[in-house]
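Please look over the chain shown here before reading the notes on it.

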Amino acid sequence: MEQQRTEATESLLVRQGNDNLVYNEENGGLGDGGSVAVSDVTTILGLSTFVAACISFGSGCAVGYSSPTESSIVEDLGLSVAEFSVFGSILSIGALLGSAVSGKITDLLGRKLTMWILNLFYIGGWLAIAFTKAPIYIAEITTKHVRGRFTTILQVMVGSGASFMYVVGSFVHWLTLALLATIPGLLQLLLIFFIPESPRWLANVGREKELEAALLCLRGDKADISDEATEIKNHVESLKSFSRGGIVVDIFQKKYVRPLLTVVGMMVLTNLGGINAFVYYSGAIFVSAGISSMVGLITLAATQTVVGILSSTIIDKLGRRPLLLVSSAGLCFSSFLTGVTFFLKDFNWWDQGSPILAFIGLLMYMGSYALSAGLPGLLVSELFPINVKGSAGSICNFMGNSTGWVVGYYFNFLTEWSSAGIFFTFSAFCCANFFLIATMVPETKGRTLEEIQASITPSSD
């Protein structure tokens with residue numbers, strides 16, 4: 001067995017090198033020889049997360065780009081409201097196109113190669129970034145003890161990227177800002193060759209020797225990965241025995257209906273709850289509420305970064321459901337509060353206090369969103385088995401991005417109809433999302449992916 005491990009490890013381009021002393025959460029200490037239990041955190045796992053985080057940071061840059069640059073772009077290019085609405089929402093269009101094909105690509109080519117290919121599009125045009133499979137990749141390479149924490153790091157980086165755009169975009173020209181946003185993509189392009197492929201994807205395509213090599217690389221050269229490797233192989237084999245002959249066809253089996261409707265519902269309601277409007281046009285919302293765009297965006301950047309870091313530290317302790325419930329309740333209340341602000345402004349009531357309410361409402365909204373922003377994507381990677389995960393992700397992202405584009409494009413027009421009315425509408429959708437989460441979303445913390453999927457989608461219809 002030891003010889004097999006050594007040969008498997010040597011087949012990788014990247015070795016863990018001297019990372020033999022790794023912290024083991026189960027025995028509470030460091031292992032330096034003999035039979036070592038699986039480690040939750042290793043150098044290669046950290047590097048793999050950093051590579052995925054680079055693309056997440058770039059995603060945040062793309063998401064936050066239009067907010068601080070709106071006025072200067074409109075002035076320099078002479079854009080109308082309709083034209084800038086197209087520009088502001090075009091990221092969702094790119095995500096729509098990508099979500100239609102990225103699930104199939106990631107199942108055929110693997111998580112690593114898919115991220116690398118889409119990164120080329122990101123550097124060239126900022127379109128493919130919104131639908132890369134980084135969350136699925138991180139969920140599949142981490143252990144159950146740190147899966148939530150490491151996956152949430154990706155969303156923290158999305159928030160950090162948006163915050164970077166908010167702050168730096170307040171001081172530099174929009175063309176310079178666009179060039180700066182390519183840096184994360186370049187970093188990932190170089191580093192992605194030094195991380196292993198997802199062990200679960202390797203098992204799904206029958207590359208068992210590489211599966212063991214990837215696990216050893218991720219858990220430590222001396223780790224005992226036999227149980228984990230066996231569990232992954234057995235689970236994949238059981239899925240294949242019940243497959244109906246195609247990746248796309250399999251997702252429409254009866255046993256996947258509930259989790260699919262749950263995650264699709266969450267993504268659709270989150271987008272109808274106005275997140276794209278708040279992210280794309282927060283600078284304009286601050287100005288229309290009588291607040292300095294620069295002050296508002298910088299404060300917003302600090303808020304969502306701090307809350308995002310807090311979320312990543314507590315998710316594996318508190319669980320997914322509590323964060324989702326608190327987040328959706330906060331989104332509902334803050335949208336309503338923002339609506340009240342514009343209602344007061346429309347009637348010229350409490351002119352001195354309404355900007356303060358708007359400021360609180362926007363900060364609370366973005367903070368609430370940052371608390372659970374990456375969780376729908378995490379649930380896709382946790383609830384669906386390897387044979388349908390790509391298709392499930394494509395369907396969920398396509399539906400979510402469809403509604404996201406509608407909100408992003410029509411927001412400027414709807415505010416001309418009724419600024420207060422549109423935020424009250426956002427609040428209603430957030431309220432609906434709260435009840436969906438309370439009744440449909442299972443808790444997944446502390447269980448392996450195989451355990452979660454076996455309990456939610458039994459192997460027989």
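The report below describes a predicted model.

## The chain as a whole

The chain of this predicted model contains 21 helices and two strands.

When contacts between residues at least 6 apart in sequence are considered, 82% of them join residues that are at least 24 apart.

## Glycine 64

Glycine 64 belongs to helix H2, which covers residues 43–64. Its relative accessibility is 0%, and because buried means under 20%, glycine 64 counts as buried.

Setting aside residues up to four places away in sequence, glycine 64 touches Ala162, Met165, Tyr166 and Val279. Phenylalanine 164 is 100 residues away from glycine 64 along the chain, yet the C-alpha atoms of these two residues are separated by 8.1 Å.

Apart from neighbours within four places in sequence, threonine 338 is in contact with Phe278, Gly361, Leu362 and Phe423.

Asparagine 348 lies in the loop between H17 and helix H18, the latter spanning 354–372. Its relative accessibility is 57%, and since exposed means over 50%, asparagine 348 counts as exposed. The backbone of asparagine 348 has a positive phi of about 55°, although this residue is not a glycine.

## The packing of H14 and H20

Two packed helices are described by the angle between their axes and by the distance between those axes. For helix H14 (residues 257–272) and helix H20 (residues 389–440), the angle is about 20° and the axes are 3 Å apart. Because angles under 35 degrees count as roughly parallel, H14 and H20 are roughly parallel to each other.

The crossing in which H14 passes H20 is right-handed. The residues that form the contact of H14 with H20 comprise 19 nonpolar, ten polar and one charged.

Terms used
Residues numbered from 1 in each chain as written. Predicted model: local features only at pLDDT ≥ 70, side-chain atom pairs only at ≥ 80, totals over all residues. Heavy atoms only, no water. Helix = DSSP H or I, 4+ residues; strand = E, 2+ residues; numbered from the N terminus. Buried < 20%, exposed > 50% of the residue type's maximum accessible area, 1.4 Å probe, protein only. Contact = heavy atoms within 4.5 Å. Axes fitted to C-alpha atoms, helices over the stretch in contact; angles between N-to-C directions. Parallel < 35°, antiparallel > 145°, perpendicular 65-115°, else oblique. Left-handed = near helix turned anticlockwise from the far one by under 90°. Nonpolar A, V, L, I, M, F, W, Y, C, P; charged D, E, K, R; others polar.
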